[in-house]
Amino acid sequence: MAEPTITPEEFRETTTRISDAVRRVIDGKDHAIRSAIVVLLAEGHLLVEDVPGVGKTMLARTLAAAIDADMRRIQFTPDLLPGDVTGVSVFSPSSRTFEFTRGAVFANVVIADEINRSSPKTQSALLEAMEERQVSVDGRTHPLPDPFLVIATQNPLEMDGTYALPEAQLDRFMMRISMGYPDADAEALMLRQRDTENPLERIRPVVSLEGVARLIDFAHRVHVSPLIEQYAVALARETRSHADLRLGASPRATLQLVRAAKAWAALQGRDYVIPDDVSGLVRSVFGHRLIPQRHAAAGRRQADPVTHILDQIVESVAVPVAV
């Protein structure tokens with residue numbers, strides 16, 4: 001195996017600069033910022049689910065600005081068409097041929113705002129792009145830019161005029177996170193800062209896209225021992241046989257859990273994955289993929305039965321003692 005193109009010190013310095021740049025706009029949300037960077041380095045996609053006005057779209061815009069990425073925002077609405085996302089073939093009178101016109105998905109960072117407001121037909125336009133990083137139109141395949149990251153947002157409370165994301169699409173998101181409300185100090189700081197200017201306008205790229213590619217390569221090379229792999233598989237298999245779950249984690253979920261753990265370990269300054277990296281990401285990686293049985297929430301105080309079930313699974317699966 002070839003040596004990585006950057007050193008651990010360079011990796012740590014660059015990712016710290018990215019975090020600091022995003023933190024200048026998104027204050028008090030270190031976990032959300034770290035999760036977004038993990039998904040970027042693991043070449044996944046991120047679903048941000050929260051109430052309006054907590055900075056979901058701003059997080060995506062700031063991350064794109066920090067890495068000098070081409071960014072497109074798609075406002076998903078009921079009248080949005082699949083061709084608006086992927087692109088369409090348009091007849092050119094001059095050449096008397098059909099020419100492909102790229103859609104909004106052709107960008108390094110695609111913000112799918114309120115993704116659950118569009119029809120299932122339009123939502124499905126993202127399936128191939130998110131999994132295979134390409135778009136097929138009229139029998140021709142068009143590769144997407146590299147790196148390619150979809151950050152989708154949705155409001156979990158307002159259900160009027162929305163379409164629930166199907167399991168196949170949820171499974172393509174590596175992680176689902178919630179921003180949450182800022183604390184009092186962070187909210188007061190926001191009032192002072194944004195009264196006179198938009199802090200996003202002050203963000204300058206701290207790394208090029210070529211630099212991002214080197215970071216991704218470094219994260220891919222993080223070592224995962226066979227015992228850690230077996231641990232991740234055991235967690236996934238437990239979700240498939242749990243009595244309170246109707247749908248467990250897919251093999252894609254297991255793969256993405258390990259990839260996310262590698263990126264998380266790299267951000268911690270390690271070139272190897274430990275069990276805590278895996279178990280600490282189970283909620284974010286598995287949570288949106290699982291469907292509980294109808295009786296799972298009956299008589300329980302937990303607002304989210306899936307989180308409670310995942311906590312039980314993490315406690316019940318034996319942790320490797322030697323890696």
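This is a predicted model: local features need pLDDT of at least 70, side-chain atom pairs count only at pLDDT 80 or more; totals for chains, interfaces and linings use all residues.
Student: Which residue in the turn of the S3 and S4 hairpin has a positive phi?

Tutor: Helices (H or I, at least four residues) and strands (E, at least two) are DSSP runs, numbered from the N terminus. S3 and S4 form a hairpin with 4 residues between them. In the turn, a positive phi of about 55° belongs to arginine 96.

Student: How many aromatic pairs are there?

Tutor: Rings of Phe, Tyr and Trp (its six-membered ring) pair if their centres lie within 6.5 Å; planes under 30 degrees apart count as stacked, over 60 as edge-to-face and the rest as tilted. By this rule, the number of aromatic pairs is 3.

Student: Why is the pair of phenylalanine 11 and phenylalanine 218 stacked, and at what angle are the planes?

Tutor: The ring centres are 4.6 Å apart. Phenylalanine 11 and phenylalanine 218 count as stacked because their planes lie at 25°.

Student: How many residues apart are phenylalanine 11 and phenylalanine 218?

Tutor: Phenylalanine 11 belongs to helix H1 (residues 8-23) and phenylalanine 218 to helix H9 (residues 209-220). Both are buried, that is, under 20% relative accessible area, where exposed means over 50% and partly exposed in between (1.4 Å probe, protein chains only). The pair links distant parts of the chain, and the separation in residues is 207.

Student: What is the geometry of the pair of phenylalanine 91 and phenylalanine 98?

Tutor: Their ring centres are 5.3 Å apart. The planes stand at 65°, so the pair is edge-to-face.

Student: Is phenylalanine 98 buried or exposed?

Tutor: Phenylalanine 91 has 40% relative accessibility, so it counts as partly exposed. Phenylalanine 98 has a relative accessible area of 58%, so this residue is exposed.

Student: Over the face of which residue does arginine 34 lie?

Tutor: A charge sits over a ring if NZ of Lys or CZ of Arg is within 6 Å of the ring centre and within 35 degrees of the ring normal. Arginine 270 lies over the face of tyrosine 272, at 5.8 Å from the ring centre. For arginine 34, the distance is 5.9 Å from the ring centre and the residue is tryptophan 264.

Student: How many residues of H2 are buried?

Tutor: Helix H2 (residues 30-41) has 12 residues and reaches 16 Å from its first C-alpha to its last, close to the 16 Å expected; the expected span is 1.5 Å times one less than the number of residues. The buried ones include Ile33, Val38 and Leu41. H2 is largely enclosed by the rest of the structure, because the number of its 12 residues that are buried is 9.

Student: Is threonine 254 buried or exposed?

Tutor: Threonine 254 is found in helix H11. Leaving aside neighbours within four places in sequence, threonine 254 is in contact with Ala232, Val233, Ala236, Arg240 and Phe286; contact means heavy atoms within 4.5 Å. Its relative accessibility is 11%, so threonine 254 counts as buried.

Student: Which peptide bond is cis?

Tutor: Proline 147 has its place in the loop between strand S7 (140-143) and strand S8 (149-154). With omega near 0°, the cis bond runs from aspartate 146 to proline 147.

Student: What is the relative accessible area of aspartate 138?

Tutor: Aspartate 138 lies in the loop between strand S6 (134-137) and S7. Its phi is positive, about 55°, although aspartate 138 is not a glycine. Aspartate 138 is exposed, because its relative accessible area is 64%.

Methods:
Residues are numbered from 1 along each chain as its sequence is written. Side-chain values use heavy atoms; hydrogens and water are left out. Two strands pair if DSSP finds at least two bridges between them.
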